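Let's take a friendly look at how two protein chains meet, and then step back to one of them as a whole. Keep the structure open as you read.

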Amino acid sequence: MTGVIARRLLGSLGAIFGASIIAFVIMRVLPGNPARLILGPLAPPSTVHSLYRQLGLDRPIYVQYWRYITQFFQGQWGYSYSDGAPVRTLIGERLPATIELALFAFLITMLASIVLALLVTYRRRPIADRIVRAIAYIGFGTPPFFVSLILLIVFFSTLKILPGPEGRLGAQVTPPATVTHLYTIDALIAGEPGKFLEAVEHLVLPGVALGMANFAFLVRLLRANLLEVSREPFITVVRGKGLRRWTAFRRHALPNASLPTLTAGGLVLGEFLAGSVLVEKVFNWPGVGSLVYEAILKQDFSIVQTFILLSAVMFVLVNLGVDLLYAVIDPRVRVRSVVTA
Amino acid sequence: MGALSVLERMRGLREDRGAPAGVRAPQAATDDADGPFALSVRNLRTVYELGHATVQAVREVSFDLRPTERLGVVGESGSGKSALALSILGLIEPPGRVGGGEVLLNGRNIVGLSERQLSSIRGREIALILQDPMSALDPVKTIGAQLHEAIAVHNPQLRRSALRRRAAELLREVDIPQAERRLDDYPHQYSGGMRQRVAIAMAIANNPSVLIADEPTTALDVTTQAQVLGLLDRLVDEHRAAVILITHNLGIVSEFCDSVSVMYAGRLVESSSCEHIFLGATHPYSEALLRCVPNPERLAEGPLPAIPGFPPDLSALPGGCTFAPRCSVGRELAVCHEQTPVPELVEGPSGSAIVECHFARERAARGSR
């Protein structure tokens, strides 16, 4: 077990190292002098030069990298030069919104794909299967920002049953008392069901828009796995023992089919945490994604750079968690690791 | 075990378990259907509807099984043996379905019962052992949990400690050493032979009166095969279960079974006692199957013969006798290609048989060898 953890950790460090190189290089290959970029075209050359040295840009490249990476892990992510505030503060303010949206999107995506995959494989109705496959194709082929717009047109402009692009809460609603920074959970803790509903209502459309493509991916994966597992002889054996079809499905087919889905789920959650820039923009969601969107427009590269590395770290951590979970759930992984450790 | 000494073994066939069930004409048997039989199958029909074609996997099959009788069902791959097994248990999955007939289990027809009713019968009155010990156990559940499940589903009143005791007992009964400790192991920590023992343990957990074993030893090596078959032999005797042993290994049939049915293209083309088949098969197909068994006495005759051609496509069966295109007797005969042979009760030198062949009577009279 410790062998598995050590190897996975090592692999994760490798991935983070790769991402840090990319984030670092992006800054260096940009044309022009970052100091000039920060100070603007009117600043005198001497000021530019002193900032250049202050930023350490005259030092050898590996020293610069070392400084960058150690500072990143110390939480010193530099300053936004469009805003002047520390990047850490800016991202810290926005991160809960992104995490809440990602978790919500993940929850509905997983639930929807499990329910629908079970429906089509358990019932074996070709029509249901075709409908789910059609939904999956549409979800696959449509970019999330476009899905966002369609959802807004249908559910906000036309049907008027869900709130529009106004962020996490309506304009008149004050956030619940802060505990976790996630409004839904904070509202529950504070015992304010009205605010909880308000927060959920605001999560639905961006959550669906964000989850659509990955729902398509997950439902197809799970459907294929379920079909495969349900044809395994052990399902027949289990039913031969006297278990009803549904019980056999639930107790034996679903756990076996969910193993690959777990891996996919990790990828999906990592993606939700890292990549909701456009969906956040469309819904005015005050998360990291819209912060990055603005930063790109303003060429505020310290935010972009931090975001790249930070999403890599989150992605890797989520998948590390999945790998460890895998070892807990699947006895074959566990034993193999004991043997190799 | 091999089939090297099939004939030798047959000569000293076990007399101890009483006379082999012998043969009953299907028409006559309907009268005493709920009489002495553990299982009576009547005109069972199973089809797979694949949209463009309908595959007839089991075609109007009838047979009877007395309590503690052991019936071997032999045939090539794709002859419908496994479909027959699953049809009896009501486990045919869509697009397949049982299209007609009756399965009388201890006198009660179980075709068309609800899933709830069937599931209370499966595992308790009739149990199943499958071919592949690798995939017959759930890889992510412990052996103990899977044994618990087999017991608990029909004994919901049992507590966990009682379940565990009973599971360990079952493991000991199938000769798994250190049974208590090995309950917590997973299937991949067991060898193939041990897994097959576990499968047998699960099947006998509730003392079923009928056990269907679909190629229970095919995936095992020869020594393990012998051990597993010996174990099955002992347990079936102890638990007084009737067995349907589905296999393509005639050696196993000769060693284990009282009676045998040869399946071809979804029909039982010859049903008789083991002596009859092994000493003088009547149907040309049974005869050809026996010729394919290696026998040192026939080494001089050159390489093992094979049956020419392939089993027919079950979605487009030819008229007449389905074996005619491959048959050494009827390949050229118009009657074989045009008329479907009816089951006929014939007397041979070593007992009676039900045979579906136009020449059954003549062939039985002279013996086929």
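## A salt bridge across the interface

In this predicted model, Glu93(B) pairs with Arg239(A) in a salt bridge whose closest N and O atoms lie 2.8 Å apart. Between chain B and chain A, the count of salt bridges is 5. Polar contacts also cross this interface: the rule finds 14 residue pairs, both residues being at pLDDT 80 or more.

On the chain B side, three elements each supply at least two of the residues that touch chain A: α4 (115–121), β6 (126–129) and α5 (143–152). By type, the residues on this side of chain B comprise 14 nonpolar, 7 polar and 7 charged.

The size of an interface is often given as the accessible area lost when the parts come together. Here, chain B and chain A bury about 2,500 Å² between them, with 57% of that area coming from carbon and sulfur atoms. Glu93(B) turns up again here: together with Val140(B) and Glu149(B), it supplies 22% of the area that chain B buries against chain A, more than any other three residues. In terms of contacts, 28 residues of chain B meet 24 residues of chain A.

## Chain B as a whole

Stepping back, chain B contains 14 helices and 12 strands. Its 369 residues include 57% that count as buried. Among contacts in chain B with a separation of 6 or more, 65% join residues 24 or more positions apart.

How values were computed:
Residues numbered from 1 in each chain as written. Chains lettered and ligands numbered in written order. Predicted model: local features only at pLDDT ≥ 70, side-chain atom pairs only at ≥ 80, totals over all residues. Heavy atoms only, no water. Helix = DSSP H or I, 4+ residues; strand = E, 2+ residues; numbered from the N terminus. Buried < 20%, exposed > 50% of the residue type's maximum accessible area, 1.4 Å probe, protein only. Contact = heavy atoms within 4.5 Å. Buried area = accessible area lost by both parts, 1.4 Å probe. Salt bridge = Lys/Arg side-chain N within 4 Å of Asp/Glu carboxyl O. Polar contact = N/O pair within 3.5 Å; in protein donor to acceptor, adjacent residues only side chain to side chain. Nonpolar A, V, L, I, M, F, W, Y, C, P; charged D, E, K, R; others polar.
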